[in-house]
Amino acid sequence: MQSVQFSAKFEFLDEIREFVGAIARAGGFGDKDVYNIQLAADEAASNVIEHAYEGVSDGLLELSCGVRGNTITIILVDHGESFDPSVIPLPDLKADLSERKIGGLGIFLMRKLMDEVHYEAKPNKNNVLTMIKRKR
Amino acid sequence: MEITTQEFKHCDLITIKGRVDSSTAPQMAQALEAANESGKYKLVVDIAALEYMSSAGFRALLAAQRNCKKYNRGEVVLVNVPDRIREALELAGFTELFKTFDDTLVAVGHF
């Protein structure tokens, strides 16, 4: 596992995607998987910056990523407000334009793009999001 | 991200290059809103050279589509959608909300 810390700001999303992308690529994931892993990491980090650290200017993101065998694991830790992704309603993908909800899309994509997504709000504001994807 | 707007007789062609994420999506939303504010609701969005788009970009597209389609005054169509972005749009159920074209001139001619 390699770990890196980022300031919880949208301007670091590029670096977050590059960090997980390089590890995925070195671990033998193909272009399509690499893109989807980067997208999932971006959505996860964006959610934390937007919601967990809402109104907080000095939040930190701790990102760890590694490939073992055919599996990539991404762990994102934050110390902001916890939220339970399972209570966020999934977007209604059949809704027409006027009824289409704008929220929940990031979490929905993370679940679709990765094989497993786990969230744990540990004591003392330690929120741990773990995402796993296996090579096909 | 780089964004340019070109005016045609019946529509505006908006070309977006680079990467759209939560950091750059506001700039994209602003360009789409600027077209609306100058009375343009028929928009062709060319993303041939777009390398990446997260759901922040999807949301900007959705907001623009809503505004353009109001009162039947226009719509947003997408042209030259790269495979990876098309797959993510499909996952999000967005491909049904936008007509897509493989040729910029055909898309412009659609209006």
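Some ground rules first. Residues are numbered from 1 along each chain as its sequence is written, and chains are lettered from A and ligands numbered from 1 in the order in which they are written. The model is predicted, with local features needing pLDDT of at least 70 and side-chain atom pairs counting only at pLDDT 80 or more, while totals for chains, interfaces and linings use all residues.

Confidence next. pLDDT is the predictor's confidence in each residue, from 0 to 100. Chain B has a mean pLDDT of 97, and 100% of its residues reach 70 or more. For the complex, the predictor gives an ipTM of 0.95 and a pTM of 0.95.

Now chain A, starting with its sheet. Helices (H or I, at least four residues) and strands (E, at least two) are DSSP runs, numbered from the N terminus. Two strands pair if DSSP finds at least two bridges between them. In chain A, five strands form an open sheet in the order E1-E2-E3-E5-E4, with antiparallel pairing. Which strands sit at the edges? They are E1 (2-7) and E4 (116-122) of chain A, and each pairs on one side only. On average, neighbouring strands of this sheet are turned by 15° against each other, direction ignored.

E1(A) pairs with E2(A) in the antiparallel sense, over six bridges. A:Phe6 stands opposite A:Leu61 in E2(A). Buried means 20 or more other C-beta atoms within 10 Å of a residue's own, exposed means 12 or fewer, and partly exposed is in between; C-beta atoms are placed from the backbone. How many of the six residues of E1(A) are buried? The number is zero, so E1(A) lies largely in the open.

E4(A) pairs with E5(A), residues 126-134, over seven antiparallel bridges. A:Lys122 has A:Asn126 in E5(A) as its bridge partner. The loop between E4 and E5 of chain A holds A:Lys125. A:Lys125 is exposed, because 12 other C-beta atoms lie within 10 Å. Its phi is worth a look. Most residues other than glycine have a negative phi, and most peptide bonds are trans. A:Lys125 is not a glycine, yet has a positive phi of about 55°.

What lies across the sheet strands E2, E3 and E5 of chain A? Helix H2(A), residues 31-52, does, and runs at about 10° to E3(A). Axes here are lines fitted to C-alpha atoms, for helices over the stretch in contact, and angles run from 0 to 180 degrees between N-to-C directions. In the loop between H1 (13-26) and H2 of chain A we find A:Gly30. Buried or exposed? A:Gly30 counts as exposed, because it has 11 C-beta neighbours inside 10 Å. A:Gly30 and A:Phe10 are 20 residues apart in sequence, and 26 Å apart in space, C-alpha to C-alpha.

Over to chain B. Helices H1(B), residues 25-37, and H2(B), residues 55-69, pack at about 10°, with axes 9 Å apart. That makes H1(B) roughly parallel to H2(B). Under 35 degrees counts as roughly parallel, over 145 as roughly antiparallel, 65 to 115 as roughly perpendicular, and the rest as oblique. Contact means C-beta atoms, placed from the backbone, within 7 Å. From H1(B), residues including B:Ala25, B:Met28 and B:Leu32 meet H2(B) residues, among them B:Ala56, B:Gly57 and B:Cys68. By class, this contact has nine nonpolar, three polar and no charged residues. Ala, Val, Leu, Ile, Met, Phe, Trp, Tyr, Cys and Pro count as nonpolar; Asp, Glu, Lys and Arg as charged; the others, Gly among them, as polar.

B:Tyr71 sits in the loop between H2 and E5 (75-79) of chain B. B:Tyr71 is exposed, with 7 other C-beta atoms within 10 Å. Its phi is positive, near 55°, in a residue other than glycine.

B:Asp12 counts as buried because it has 23 C-beta neighbours inside 10 Å. Beyond four places in sequence, its contacts include B:Thr5, B:Ala35 and B:Leu43.

Last, the interface. Here 18 residues of chain B are in contact with 18 residues of chain A. Which element of chain B supplies the largest share of the side that touches chain A? H2(B) does, with eight residues. By class, that side of chain B has seven nonpolar, six polar and five charged residues.

How values were computed. Two residues are in contact if their C-beta atoms, placed from the backbone, lie within 7 Å.
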